[in-house]
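Please keep the sequence and the model in view while reading.

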Amino acid sequence: MEQRKKRRKKKISKQALILRWIMILVLILLIFFGIKKIASAFSRVDESTAVTSASTLDTSQQTSDISVNTAADTTEDSMTESIIPEEDIDNAWAMFLVNNQNPLPDDYDKRISVKKVYSNGERDFEFDERAADYLIDMFEAAKKDGINLTVNSSYRTIEYQQYNFDRSVQQRVNNGMSYEEAVLDTEKEVAYPGKSEHNAGLSADIFSDEYVSFDDDGFKNTKAYAWLMENAADYGFILRYPEGKEAETGIIYEPWHYRFVGVYYAHKVQDSGLCLEEFFEENGWLDENGTAVKMTVE
Ligand SMILES: [Zn+2]
């Protein structure tokens, strides 16, 4: 009996030993794979943390670039389109150049829809429909500040521009100039058809009830001009032919001529202190002939 009991005990302990070994093996396996799994989970967390911090860096980089840009930066790397996607910029479509090197497409003036923005009682003045409300809002804001702005010219068809141009040439011929002389002389005052921003429906000649004159730059001494200088960019407008930029624009200083380029670019151009031609050049949007290779009109 004693012997049997002892044998049985021995048998149990042998089973227990095997069981123990199995448990140890399972434990070792568990620990091994467990650590591996945990380690890989950790490395994933690491990666995602890295991605997160990288994107945070990206965003902060972007933000700082943007603030640098708005803060009158005019260096090469201030190229806006590489920082903010064009589709996110308000009215980026309006940012194109119209001048002697960059005429409008032949039918552009007919393709756009125009909307009445102002009336002087005798005549209605129209603007590209997409930008019209900006002009209307600007006039209303000025009025609230006691400034009565007036539109003295805005959208003109290319046909009308042609009529204007031909009439000016004819007047000079009638006064004794040769045709060639008359054309050269007219060019100084009247833009060629299709080469005027007025044909694009994005420019307005703006004065106020206190002062109207295309013959001098006296408008610059008015309260209305000071108001425009301070507020026009908020409505997407820039003074297109600034004083001191005559060589770059090819046009005399016109304190009355304002061009819609969208709020974003209006601030960018104004803060840069550049005229539109220089701004395009600075951003690498012009070739060596002054022809726009980017931000071109469709
Ligand atoms: Zn004008």
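## Basis

This is a predicted model, in which local features need pLDDT of at least 70 and side-chain atom pairs count only at pLDDT 80 or more, while totals for chains, interfaces and linings use all residues. Residues are numbered from 1 along each chain as its sequence is written.

Helices (H or I, at least four residues) and strands (E, at least two) are DSSP runs, numbered from the N terminus.

## Helix α4

In α4 (residues 158-174), the residues I158, Q161, F165 and V169 are buried. They lie on the same side of α4 because they cover an arc of only 65° around the axis, taken from the directions from the helix axis to the C-beta atoms. On the other side, E159, R167 and N174 are exposed. Buried means 20 or more other C-beta atoms within 10 Å of the residue's own, exposed 12 or fewer, and partly exposed in between, with C-beta atoms placed from the backbone.

## Sheet

An open sheet is formed by 4 strands in the order β3-β4-β6-β5, with antiparallel pairing; strands pair if DSSP finds at least two bridges between them. The edge strands are β3 (149-153) and β5 (237-239). F260 in β6 is the bridge partner of F237.

Notes
Expected span 1.5 Å × (residues − 1).
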